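Here are my notes on this one, jotted down as I went through it. Have the viewer open while you read.

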Amino acid sequence: MDLEDDGTSQVIATDGSCIQNGESRARAGAGVYYENDHRRNLSIRLSDELEQSNQTAEIVATLLATTTAESRTRITIETDSRTTMDSLTKWRQRHEDTGYIAQKNADLTRATIASMRQRGGHTLFRWVKGHNGHARNEEADKLAALGAMETTSTPIRRLFPDTLKVTGAKLQSMTQKLAYQAICARKTVANLDRIVSGVKEAFGLHVHDATVWNSFRTRHVSRLISQFLWMAVHDGYMIGSHWLRPKMPPDLQDRAVCAICGELETMTHITLECEATGRETIWKLLQEVWTHTGARWHEPCWGTTFGAACAVFRNADGAQSAALEQLWCILSTEALHLIWRLRCERVIQNEGRNFTESEVANRFYAAMDARLDLDRRTAAIAHGRKALRQKDVERIWLPVIGNDKELPPKWVVDSGILVGIKRGK
Ligand SMILES: [Zn+2]
């Protein structure tokens, strides 16, 4: 029996666990350990609306400890997560003053703080080194791991009285930089929401923010495009309302508006709405190429383009097809990025001159062929377990390769063979 466990004080160990942390199939569990066979021990799987990650599971475990402990008992929560402990203790004031702007797990952190304030007894924290033979930590870890393997998840109580909630940022603590961060954070959140809801609508798949971020880095998104996706979602490009900042000279403020359509330029406008020659053509050409796969076509939206690496496609038998999904990811992100590049060339280099339809078509096929070449060259020098291999390139690209009946067996790695994607319908 622990010395502190005399009825008026209690040590509780908490831990989070995550299977396949950071991946789309990640499943997280939280563990709360009082003592062996204690009726308040908990082992739960995080409900689907929460991000399935270690860090989220850690904070959920802490929240559960503060809500399940006897209210008047003084509790000491042992955690191996410094982030969790610090966010509830030494960073608390700063985060409350700044309205939790740009903080991960802000709702859960605030719920935990509110829960601590509702308790009659004090809540203390003690950091212990994880996986270091600390008996209570090991038990909490086991409970968390069991939770992650549960087949059903447990919704947790996140509601707390408004009086305990810190709403918004205290104005005196809001520096201009933070205010700007808040605006940017809001735009990032809005863009992520566009992707998440678009993926849900097009592919029926519920993805979390972390999955979207990770999807930008899959090997089927080129490094250049990966940077583009990241910047675009963070609203990092100098377009639209950025030209309307307070100190911007009036003659530059005109640049906020699309010269062709007269509308405020946003990433949505540029990639999905703009009337400039090229945008619509590129999506049409992509549709034509995609028709050759026989798979379903989805109209471009944030979910099918920026979220392309989260796409779900099925082959004729109805089975989910990784090759189709990878091909979609490649073609869709290449098309998206080409639209962005053409827009930048038109506005910045060509002083607003529109491209012709045939210029656009040539650029489209050139971009797709260049990408196919890159994948072939990568496969030719493939080494390492995760490298793109000859059979991968064949599996992914074959449905859209021109003259596919006449291809020699080694077409992928034989650089002497000229291969391109199918033109026209
Ligand atoms: Zn436009």
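1. A contact here means two residues whose C-beta atoms, placed from the backbone, lie within 7 Å. With that in hand, 69% of the contacts in the chain with a separation of 6 or more are between residues 24 or more positions apart. Keep in mind that this is a predicted model.

2. Overall picture: the chain has 425 residues, and 37% of them count as buried. The C-alpha trace spans about 80 × 60 × 35 Å along its principal axes. Secondary structure comes to 15 helices and five strands.

3. Nine residues of domain 1 and eleven residues of domain 2 make up the contact. What does the domain 1 side that touches domain 2 consist of, in nonpolar, polar and charged residues? It has two nonpolar, five polar and two charged ones.

4. Now the sheet. Five strands make an open sheet, ordered E3-E2-E1-E4-E5, with mixed pairing. E3 and E5 (123-127) are at the edges with a single partner strand each, so one side of each has no neighbour in the sheet. On average, neighbouring strands are turned by 20° against each other, direction ignored.

5. Two of the pairings are worth a click. E2 (residues 27-33) and E3 run antiparallel and are joined by four bridges; Val32 has Leu42 in E3 as its bridge partner. E4 (residues 74-79) pairs with E5 in the parallel sense over five bridges, and there Thr76 stands opposite Leu124.

6. Is E3 (residues 42-45) buried or exposed on its two faces? Both are covered: Leu42 and Ile44 are buried on one side, Ser43 and Arg45 on the other. As background, side chains in a regular strand alternate between the two faces of the sheet. Note that an arginine, Arg45, is among the buried residues of this strand.

7. H5 (residues 135-149) buries Asn137, Glu139, Ala140, Asp141, Leu143, Ala144, Gly147 and Ala148. The cover over those buried residues includes E1, E2, E3, H1 and E4. The geometry of H5 checks out, because 15 residues at 1.5 Å a residue should span 21 Å and its end C-alpha atoms are 22 Å apart.

8. H4 (residues 106-118) has 13 residues and reaches 18 Å from its first C-alpha to its last, close to the 18 Å expected. Its buried residues are Leu108, Thr109, Arg110, Ala111, Thr112, Ile113, Ala114, Ser115 and Met116. Among the elements covering them are H1, H2 (82-88), H3 (92-97) and E5.

9. Last, H13 (residues 322-349). Why call this helix largely enclosed by the rest of the structure? Because 20 of its 28 residues are buried. Its length agrees with expectation too: the 28 residues should span 40 Å at 1.5 Å a residue, and the end C-alpha atoms are 39 Å apart. After H13 comes Glu351, with a positive phi near 50°.

Technical notes:
Residues numbered from 1 in each chain as written. Predicted model: local features only at pLDDT ≥ 70, side-chain atom pairs only at ≥ 80, totals over all residues. Nonpolar A, V, L, I, M, F, W, Y, C, P; charged D, E, K, R; others polar. Buried ≥ 20, exposed ≤ 12 C-beta atoms within 10 Å, placed from the backbone. Pairing = 2+ DSSP bridges. Axes fitted to C-alpha atoms, helices over the stretch in contact; angles between N-to-C directions. Expected span 1.5 Å × (residues − 1).
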